[in-house]
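Biologist: I would like to learn how to read a protein model, step by step. Could we look at one together?

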Amino acid sequence: MTDARGDKPLHHRVLTYLHQRPRLRLALIIGLPVVWLVGIYGGSLASLLVQSFYRLNPFSGTLERTFSLDTWKSLFTEANLAVIGRTVGMAAAVTVTAATLAFPLAYLIARYAKPKAKAILVVAVLVPLWSSYLVRVYSWKLILAADGIINWFVDKVGLERALEGFLGLPVVGGPSLSISLFGQFLVFVYIWLPYMILPIEASLERVPGSLLEASADLGARPGTTLRKVTWPLALPGVVAGSIFTFSLTLGDYIIPTIIGDSSPFIGLAIYTFQGVPATCRWRQPSPSCRSP
């Protein structure tokens, strides 16, 4: 169709122009995401990095824009290294456990479940995400409490001595499961498990069934097929889920506040000390100890 002068409509000319210039078309497609990631997100991180070389005045709490390594020196203290080690260790344990639990379920959904059962299982994975994050965490606090359902069940089956012995361990234990590192670990795994299941399931969905059949035809046992064929092809989903799980655990500060013995994690330390001069952290509030 042409206009009265015999020319093609404007949108046809624009589409033809873009079709003949693939680089310009690609730039227009990815331009906005690049501006967001590089300009806004990357710019914010760069600004944060630059400000780390400034210092806070210990008396007024104002930012002094003179080059200083005081912030970096205070980062590598014994207390901060303990916080970093505790957080990274918890994030790694949660990631490994979530991957171990998620892979069999994701494999069942992707390879064996019929369409109706697959839909039900996917919805079951997503249902916890429909409720409030705080509601789920506080619910687990009640479940793990000394008078919660877990302790009630343990008492009914006669395993209270075993639980007391476990809670008496110096690293993972505490007065109750809700005030222990192990209870904190359980809540982290529960909260972030869907973020591990869904990427793995999506990755397994893309594994061609013909490859598994070819592996069986060549004499490979199911375990060998899983290790040599399925696992390498599903690895991108495992990596994506691990990035979600590890990073979310690394930066979370709500669960360590509600569950556990209040040992500081990186997120909680940042939330507590943000904008507070180093000399004011452990002092009584005063006019000079204010956030800038």
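Predicted model: local features only at pLDDT ≥ 70, side-chain atom pairs only at ≥ 80, totals over all residues.

Biologist: What radius of gyration does the protein have, and what would a compact globule of 292 residues have?

Modeller: The radius of gyration is taken over C-alpha atoms, and the globule rule is 2.2 Å times the number of residues to the power 0.38. For 292 residues the rule gives a value near 19 Å, but the protein has 27 Å. Along its principal axes, the C-alpha trace spans about 80 × 65 × 35 Å.

Biologist: How many helices and strands are there in the protein?

Modeller: Helices (H or I, at least four residues) and strands (E, at least two) are DSSP runs, numbered from the N terminus. The protein has 13 helices and 2 strands. Helix α9, residues 181-205, reaches 36 Å from its first C-alpha to its last, close to the 36 Å expected at 1.5 Å a residue; the expected span is 1.5 Å times one less than the number of residues.

Biologist: Where in α9 does a kink lie?

Modeller: The bend at a residue is the angle between axes fitted to the seven residues ending there and the seven starting there. In α9 a kink of about 45° lies at W192, shortly before the proline P194.

Biologist: Which residues have the most contacts inside the largest nonpolar core?

Modeller: In soluble globular proteins, nonpolar side chains tend to be buried together. A nonpolar core is a set of buried Ala, Val, Leu, Ile, Met, Phe, Trp, Tyr and Cys residues joined through side-chain atoms within 4.5 Å. Here the largest one has 20 residues, and those with the most contacts inside it are V94, V137, V187, F188, I191 and I255. Helix α9 gives the most to this core, with 6 residues.

Biologist: Does I259 count as buried or exposed?

Modeller: Buried means under 20% relative accessible area, exposed over 50%, and partly exposed in between (1.4 Å probe, protein chains only). I259 counts as buried because its relative accessibility is 0%. This residue lies in the loop between α12 and α13. Contact means heavy atoms within 4.5 Å, and the residues that I259 touches, not counting those up to four places away in sequence, include V137, W140, Q184 and V187.

Terms used:
Residues numbered from 1 in each chain as written. Heavy atoms only, no water.
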